[in-house]
Structures are given as structure tokens and as C-alpha cells.
Amino acid sequence: MAGGPGRPAQIPDVMLHSRIESRLRDAVRAVLPDADLSSVQVRPASDPKLGDYQSSVVMGLAKPRGLNPRALAADEVARLDVSEWCAPVEVAGPGFLNFRLSAAAIERVLGEALGAAVPFVEAAR
């Protein structure tokens with residue numbers, strides 16, 4: 001993974017939330033092709049009881065279109081495949097998406113970080 005002389009080393013994408021966010025963008029694009037994908041964000045959950053990560057993007061996308069946010073969230077979840085990292089995604093409240101990481105995914109990502117040519121701590125700087 002290391003770059004050659006004068007080239008930066010390749011930094012592995014070991015951040016699970018960015019992988020989940022990318023898949024969520026794909027699902028949003030499939031359901032709402034005209035949506036502004038820059039609004040798609042996955043953030044740490046505000047309460048660990050809700051999961052590891054969450055997104056409120058569906059509510060922001062539903063309102064200007066006059067759509068029911070819970071129904072839109074269900075459509076998004078039907079097209080969202082994050083099973084390699086998460087338990088089934090939960091729709092909560094008015095349309096929050098809650099993500100719970102699997103122990104196997106955490107173990108894999110930690111292994112990737114430990115085996116990276118550029119140490120994860122240095123890559124995060």
C-alpha cells in the first residue's frame with residue numbers, strides 16, 4: 001500500500017461510517033435520483049441505545065417533496081445493503097435510520113487498520 005518515492009502512501013478506508021454513508025448515498029440515488037447527495041451523512045448515534053450510527057437525511061429529503069418520511073425511510077432501507085457491517089437498519093421515530101455495527105465488522109476493520117502500510121493513527125492526522 002505504500003507509495004513509492006515522492007508518492008504518498010495509500011490510506012485504507014477503515015472508517016466504517018464512511019462506508020455506510022457511501023452505501024446510503026447509493027440508496028438515496030436509487031430512490032430519489034434528483035436528490036442532493038451532499039446532504040447524506042452518517043454520524044455517531046446520540047444515544048448508544050439507538051445504535052452506533054444514525055442518519056436523519058430522509059427527513060430532510062422527504063419534507064420538500066411532500067413525502068412521508070417513514071415511508072421514504074422504509075424505501076431507502078429496502079435498497080440499502082450494509083449487511084457486511086451492520087445488523088438490519090432500523091427506522092425510528094419520524095424517519096431516523098439507526099445502524100448497529102456487527103462485532104465481526106469491527107474486528108475486520110481493526111485488523112485492516114493494524115495491517116495498513118500507513119499506521120491508522122498517522123493516516124487519521
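This is a predicted model: local features need pLDDT of at least 70, side-chain atom pairs count only at pLDDT 80 or more; totals for chains, interfaces and linings use all residues.
Q: What makes up the protein, and in which order do its elements run from the N terminus on?
A: The protein has five helices and four strands, and from the N terminus on these elements follow the order α-β-β-α-α-β-β-α-α.

Q: Why is Ala-103 called exposed?
A: A residue counts as exposed when its relative accessible area is over 50%, and Ala-103 has a relative accessibility of 63%, so Ala-103 is classed as exposed. This residue is found in helix α4, which covers residues 103-115.

Q: How much of the protein counts as buried?
A: With buried taken as under 20% relative accessible area, 34% of the 125 residues fall into this class. The accessible surface of the whole protein comes to about 7400 Å², and carbon and sulfur atoms account for 56% of that surface.

Q: How do you know that strands β2 and β4 are paired?
A: Two strands pair if at least two bridges are found between them, and three bridges join β2 (residues 53-55) to β4 (residues 96-99), so the two strands meet the condition for a pair. They run antiparallel, and one of the residues involved is Ser-55, whose bridge partner in β4 is Leu-97.

Q: Why do β1 and β3 stand at the edges of the sheet?
A: The four strands form an open sheet in the order β1-β2-β4-β3, with antiparallel pairing. Both β1 (43-44) and β3 (90-92) have a single partner strand, so one side of each is left without a neighbour in the sheet.

Q: What packs on the sheet, and which strands does it touch?
A: Helix α3 (residues 69-79) packs on the sheet, where α3 touches β3 and β4, and the direction of α3 makes about 170° with that of β3.

Q: How do helices α1 and α3 cross, and which residues meet there?
A: The axes of α1 (residues 16-31) and α3 come within 9 Å and cross at roughly 120°, and the crossing is right-handed. Ala-27, Val-28, Ala-30 and Val-31 in α1 meet Leu-72, Asp-75, Glu-76 and Arg-79 in α3.

Q: What makes up this contact of α1 with α3 by class?
A: Ala, Val and Leu count as nonpolar, while Asp, Glu and Arg count as charged, so the contact is described as having five nonpolar, no polar and three charged residues.

Note on methods
Residues are numbered from 1 along each chain as its sequence is written. Side-chain values use heavy atoms; hydrogens and water are left out. Buried means under 20% relative accessible area, exposed over 50%, partly exposed in between (1.4 Å probe, protein chains only). Accessible areas come from the Shrake-Rupley method with a 1.4 Å probe; for residues, only the protein chains shown count as cover. Contact means heavy atoms within 4.5 Å. Axes are lines fitted to C-alpha atoms, for helices over the stretch in contact, and angles run from 0 to 180 degrees between N-to-C directions. A crossing is left-handed if the near helix is turned anticlockwise from the far one by less than a right angle, and right-handed if clockwise.
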